[in-house]
Amino acid sequence: MKPNLQNSLNIFKALSEVTRLKIIWLLINMDSRICVSEIIEVLNEPQYNVSRHLRILKKADIIDESKEGKWVYYFIKSTDSEFMLHIKNAVSTISEKDMTIEIERCKQRLLERDY
């Protein structure tokens, strides 16, 4: 299914902000799901900013959430859309050099998860 022009525009607008782009990069390259507290620590952003960015990404239909106990995990929305596959591929090619600090923080934070 191809998105209409407005949906495509919403996706590009959502990804045009650096924090949201980093969130999507982390979901694609580090782990398939991540919770707010992890994003806060990894990106060193306040909770209200992270929550706002997640709402924008969710409204653009890029991510979804699932509740597991007391945790809410966010993940890239599953789709068979060729457009979204191209978006995911493009985001995944952003250089790890640009995300060095975030990668290290994310690796550390993911090791601290209680399974």
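Me: On what basis are the values given?

Reply: This is a predicted model, in which local features need pLDDT of at least 70 and side-chain atom pairs count only at pLDDT 80 or more, while totals for chains, interfaces and linings use all residues. Residues are numbered from 1 along each chain as its sequence is written, and side-chain values use heavy atoms, with hydrogens and water left out.

Me: How many salt bridges does a search of the whole structure find?

Reply: Side chains of opposite charge can pair when their charged atoms come close. A salt bridge is defined here as a side-chain nitrogen of Lys or Arg within 4 Å of a carboxyl oxygen of Asp or Glu. Over the whole structure, the number found is six.

Me: Which residue forms a salt bridge with Glu68, and how many residues apart are the two?

Reply: The partner is Arg33, and the closest N and O atoms are 3.0 Å apart.

Me: Is Glu68 buried or exposed, or in between?

Reply: Buried means under 20% relative accessible area and exposed over 50%, with partly exposed in between (1.4 Å probe, protein chains only). The value for Glu68 is 38%, so this residue counts as partly exposed.

Me: Which parts of the chain are tied together by the salt bridge of Lys77 with Asp61?

Reply: The closest N and O atoms of Lys77 and Asp61 are 2.5 Å apart. Lys77 lies between strand S3 (71-76) and helix H5 (82-92), and Asp61 lies between helix H4 (47-59) and S2, so the parts tied together are two loops, 16 residues apart in sequence.

Me: What is the phi of Asp61?

Reply: Most residues other than glycine have a negative phi. Asp61, which is partly exposed at 43% relative accessibility, has a positive value in a residue other than glycine, and its phi is near 70 degrees.

Me: Where does Asn44 lie?

Reply: Asn44 also has a positive phi, near 55 degrees. With a relative accessible area of 59%, Asn44 is exposed. Its place is the loop between helix H3 (36-43) and H4.

Me: How are H1 and H5 oriented to each other?

Reply: Axes are lines fitted to C-alpha atoms, for helices over the stretch in contact, and angles run from 0 to 180 degrees between N-to-C directions. Helix H1 (residues 5-14) packs on H5 at about 15 degrees, with the axes 12 Å apart. Angles under 35 degrees count as roughly parallel, over 145 as roughly antiparallel, 65 to 115 as roughly perpendicular and the rest as oblique. H1 and H5 are therefore roughly parallel.

Me: How are H2 and H4 oriented to each other?

Reply: The axes of helix H2 (residues 18-29) and H4 come within 10 Å and cross at roughly 70 degrees. H2 and H4 are therefore roughly perpendicular.

Me: Which residues of H2 and H4 make the contact?

Reply: Contact means heavy atoms within 4.5 Å. From H4 come Arg52, His53, Leu54, Ile56 and Leu57, and from H2 come Thr19, Arg20, Ile23 and Ile24.

Definitions and conventions. Helix = DSSP H or I, 4+ residues; strand = E, 2+ residues; numbered from the N terminus.
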